Amino acid sequence: MSLLEIKNAKLKLEDKDILKGLSLSVNSGEVHAIMGPNGSGKSTLSYMLAGRDGYELESGDVFLEGQSLLEMEADERARSGLFLAFQYPVELPGVGGMSFLREAVNSRRKFLGEEELDHLAFVKEARKVASKMFVKDEMLKRAVNVGFSGGEKKRFEILQMAMLKPKVSILDETDSGLDVDALKIVSDGVNAQRNDDNAIVVITHYQRLLDYIVPDFVHILSDGSIIKSGGAELALEVEKNGYAGLINAA
Amino acid sequence: MVATQETINKVKEVSSTYKYGFVTDLEAEKAPLGLSEDIVKFISHKKKEPRWLLEWRLKAYKKWLSMEAPNWAMIDFPKIDFQDIYYYSAPKTKPKLNSLDEVDPELLRTYEKLGIPIKEQEVLAGVAVDYVFDSVSVATTFREKLAKEGIIFCPISEAVQTYPDLVKKYIGSVIPISDNYYAALNSAVFTDGSFVFIPKGVRCPMELSTYFRINEQNSGQFERTLIIAEDNTYVSYLEGCTAPQRDENQLHAAVVELVAMNNAEIKYSTVQNWYPGDKDGKGGIYNFVTKRGNCLGKKSKISWTQVETGSAITWKYPSCVLKGDNSVGEFYSVAVANNAQQADTGTKMIHIGKNTKSTIISKGISAGKAQNTYRGQVQIQKNAKGSRNFTQCDSLLIGDKCGAHTVPYINQFTPHARVEHEATTSKISEDQLFYCLQRGLDTEQATSLIVNGFCKEVMKELPMEFAVEAQKLIGISLEGSVG
């Protein structure tokens with residue numbers, strides 16, 4: 001059984017067809033990259049999967065570990081193990097990073113029937129994970145994403161991913177706004193979480209992220225559907241010939 | 001923020017939104033219905049007051065008769081029938097209590113239900129409490145310990161008997177009887193409240209707290225609190241309030257006067273949770289309150305912190321008169337208005353002395369079809385050279401049927417002063433909600449988190465136990481307002 005299964009997904013935004021019958025199957029232990037030009041439907045795909053209001057499917061279905069997501073609200077999907085690393089992480093003024101993380105982690109633990117972590121145990125765990133991600137304690141004390149640099153925001157996203165231990169993580173343009181050093185830190189953080197029980201879907205415009213997070217499969221998204229799939233070498237083809245060549249060939 | 005999960009649990013655990021809505025069945029002694037000179041005399045007689053106080057009350061009553069209710073606030077309500085209110089209601093218990101064992105067990109149970117046991121050993125360490133039930137104070141804890149430091153903390157009715165000179169000297173000295181309509185009414189018919197006196201050089205070793213409860217139907221609560229801090233003192237005072245859930249509106253018109261001498265600091269915190277009325281605006285407390293502090297001495301400081309979640313109507317402007325040179329006034333406020341609630345609240349900072357400083361941080365949260373107004377005045381008088389004010393008013397809207405209004409008045413009579421005003425209005429954005437949901441928080445958790453984040457600057461001014469309680473309250477008050 002696939003961890004994540006998208007079946008013939010169709011979605012309209014303001015009467016415009018955005019996803020036009022997209023299908024994708026992701027098994028545990030796999031890393032998939034979805035590449036595509038601007039306007040191909042990449043962000044729509046990630047919002048649809050995460051269950052954002054207004055991004056409901058017109059037809060088709062999505063399954064997480066065999067269970068349909070369509071009837072589930074965004075928060076239920078998250079607690080069930082679906083994680084979205086945002087392209088533009090949102091600022092929450094006054095909401096401390098540590099408290100936010102703790103609420104999130106305990107929601108997930110509760111769902112899994114695990115005991116909620118008390119303040120001390122949580123802080124200990126968070127510090128341990130944070131130090132691996134080169135996230136300073138000081139950042140956890142600040143309000144979520146407020147005044148963070150682009151790199152800090154992305155690192156904080158991956159830190160949340162590490163704490164929540166999701167089944168399926170969708171990384172939406174995680175490389176945008178990162179310099180090479182930050183890109184390496186973030187990628188190391190993601191790679192450290194690859195294991196046989198989870199899966200990662202990397203959504204990106206550029207190939208360069210895939211030098212660091214090497215995918216098992218690459219899919220080219222164009223005009224609302226996947227037009228070509230292949231191995232890591234497909235990304236290099238994009239790099240070399242651009243999207244236009246691939247799209248015209250398809 | 002740590003309390004957010006507790007908030008959610010609490011919300012789920014209480015069936016109705018307002019959990020203090022129960023009524024205590026106590027035999028009460030009431031004055032006849034309505035207001036007249038005789039009622040004023042009745043109250044004064046009940047309290048065995050000296051002649052001067054009766055005369056003061058009668059003067060206030062006459063003044064009140066000649067005044068009109070103010071109509072400048074952004075609140076809308078039917079005219080109050082002052083003849084349909086009981087001005088005195090007291091539980092029938094022994095008139096003088098020697099120990100807590102003598103408190104009516106039914107009363108003890110009421111406070112236990114409110115989560116505030118009137119037993120010293122159970123009270124959070126370091127908080128002395130005065131319990132005011134309708135028109136009388138029913139118990140004051142830790143009095144002996146405080147007395148050792150020379151601190152007086154007792155019901156004001158008792159202070160009138162025991163320390164008449166102090167009361168006579170200061171009552172009405174900050175808020176004269178003619179100050180405004182509701183203050184005049186309070187001066188005529190006030191029944192009880194707390195009296196605090198901190199003698200020179202004493203730092204009060206514990207938080208002082210008064211808990212106000214309106215129980216009787218159709219009764220008004222008109223409490224009066226007076227706090228005097230002599231030279232080189234510090235006191236932190238907390239005030240909490242609840243009332244039963246009733247279909248009729250009830251009037252609460254309190255007066256609080258603070259006096260701070262040289263280098264004295266008074267920190268006054270309120271968590272106001274009077275019954276707000278039901279979803280459609282039926283019932284609830286009309287809260288018309290006058291609070292003012294005089295920073296008489298040099299380098300004195302008065303700090304008001306309020307979390308206003310209750311009442312159908314809130315009309316309240318805790319203010320500071322900064323007379324002493326280098327004195328400091330602060331106002332930190334969170335006002336939550338949900339459903340049909342109306343809040344018109346803010347502060348006045350009157351700078352008279354040189355180099356006086358004031359800070360105003362106001363956070364208004366509107367939800368449902370509520371209207372929430374910040375109204376504030378900053379006045380820098382001619383001699384207040386070198387004075388500074390900083391004002392920040394932030395409004396948060398939840399939903400699209402509520403309103404937020406900011407009405408600042410600034411009068412500056414000297415060029416040698418600096419006044420800054422910042423105001424923002426924001427909504428809980430869909431982006432913020434979605435971000436929280438994507439991390440597994442449900443809508444109420446997310447709202448509570450975002451709202452408490454919005455209020456953080458004010459909440460951190462509250463004493464610890466109070467802050468936790470206030471966070472829970474805000475969560476409960478906004479239940480069901482999103483999603």
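## Strand pairing in chain A

Two strands are taken to pair if DSSP finds at least two bridges between them. In this predicted model, strand β1 (residues 4–13) of chain A and β2(A) pair in the antiparallel sense, over eight bridges. Within the sheet, A:Ile6 stands opposite A:Leu24, a residue of β2(A).

These strands belong to an open sheet of four strands in chain A, with the order β2-β1-β4-β5 and antiparallel pairing. Its edges are formed by β2 (16–26) and β5 (67–68) of chain A, each of which pairs on one side only. Helix α1(A) packs on the sheet and touches β1, β2 and β4 (59–64) of chain A. The direction of α1(A) makes about 70 degrees with that of β2(A).

## Overall form of chain A

Chain A has nine helices and 10 strands. Its radius of gyration is 18 Å, close to the 18 Å that the globule rule gives for 250 residues, so chain A is as compact as a globular protein of that length. The C-alpha trace of chain A spans about 55 × 40 × 35 Å along its principal axes.

Of the 250 residues in chain A, 45% are buried. Among contacts in chain A with a separation of 6 or more, 70% are accounted for by residues 24 or more positions apart.

## Helix α6 of chain A

Helix α6 (residues 150–164) of chain A has 15 residues. From its first C-alpha to its last it reaches 22 Å, close to the 21 Å expected at 1.5 Å a residue. This helix is mostly covered, with 12 of its 15 residues buried. Among the buried residues of α6(A) are the charged-residue positions A:Lys153, A:Lys154, A:Arg155 and A:Glu157, and also A:Phe156, A:Ile158 and A:Leu159.

The cover over the buried residues of α6(A) includes β6, α3 (97–111), α4 (119–132), α5 (137–141), β7 (168–172) and α7 (180–191) of chain A. After α6(A) comes A:Lys165, which has a positive phi near 45 degrees.

## The interface between chains A and B

In the interface, 20 residues of chain B are in contact with 24 residues of chain A. On the chain B side, the elements that give two or more residues are α1 (4–13), α9 (430–438) and α10 (443–454) of chain B. The largest contribution to that side is made by α9(B), with six residues. By class, the side of chain B that touches chain A has nine nonpolar, seven polar and four charged residues.

Seven of the nine residues of α9(B) are buried, so this helix is largely enclosed by the rest of the structure. The buried residues are B:Gln432, B:Leu433, B:Phe434, B:Tyr435, B:Cys436, B:Leu437 and B:Gln438. They pack against elements of both chains: α1 (42–50), α2 (74–79) and β6 (82–85) of chain A, together with α10 of chain B. Just after α9(B), B:Gly440 takes a positive phi of about 100 degrees.

## Helix α8 of chain B

Helix α8 (residues 181–189) of chain B is mostly covered, as eight of its nine residues are buried. These buried residues are B:Tyr182, B:Ala183, B:Ala184, B:Leu185, B:Asn186, B:Ser187, B:Ala188 and B:Val189. Helices and strands of chain B contribute to their cover, including α2 (37–46), α3 (51–65), β8 (224–229), β11 (255–260) and β13 (284–295).

How values were computed: Residues numbered from 1 in each chain as written. Chains lettered and ligands numbered in written order. Predicted model: local features only at pLDDT ≥ 70, side-chain atom pairs only at ≥ 80, totals over all residues. Rg over C-alpha atoms; globule rule 2.2 N^0.38 Å. Buried ≥ 20, exposed ≤ 12 C-beta atoms within 10 Å, placed from the backbone. Contact = placed C-beta atoms within 7 Å. Axes fitted to C-alpha atoms, helices over the stretch in contact; angles between N-to-C directions. Expected span 1.5 Å × (residues − 1).
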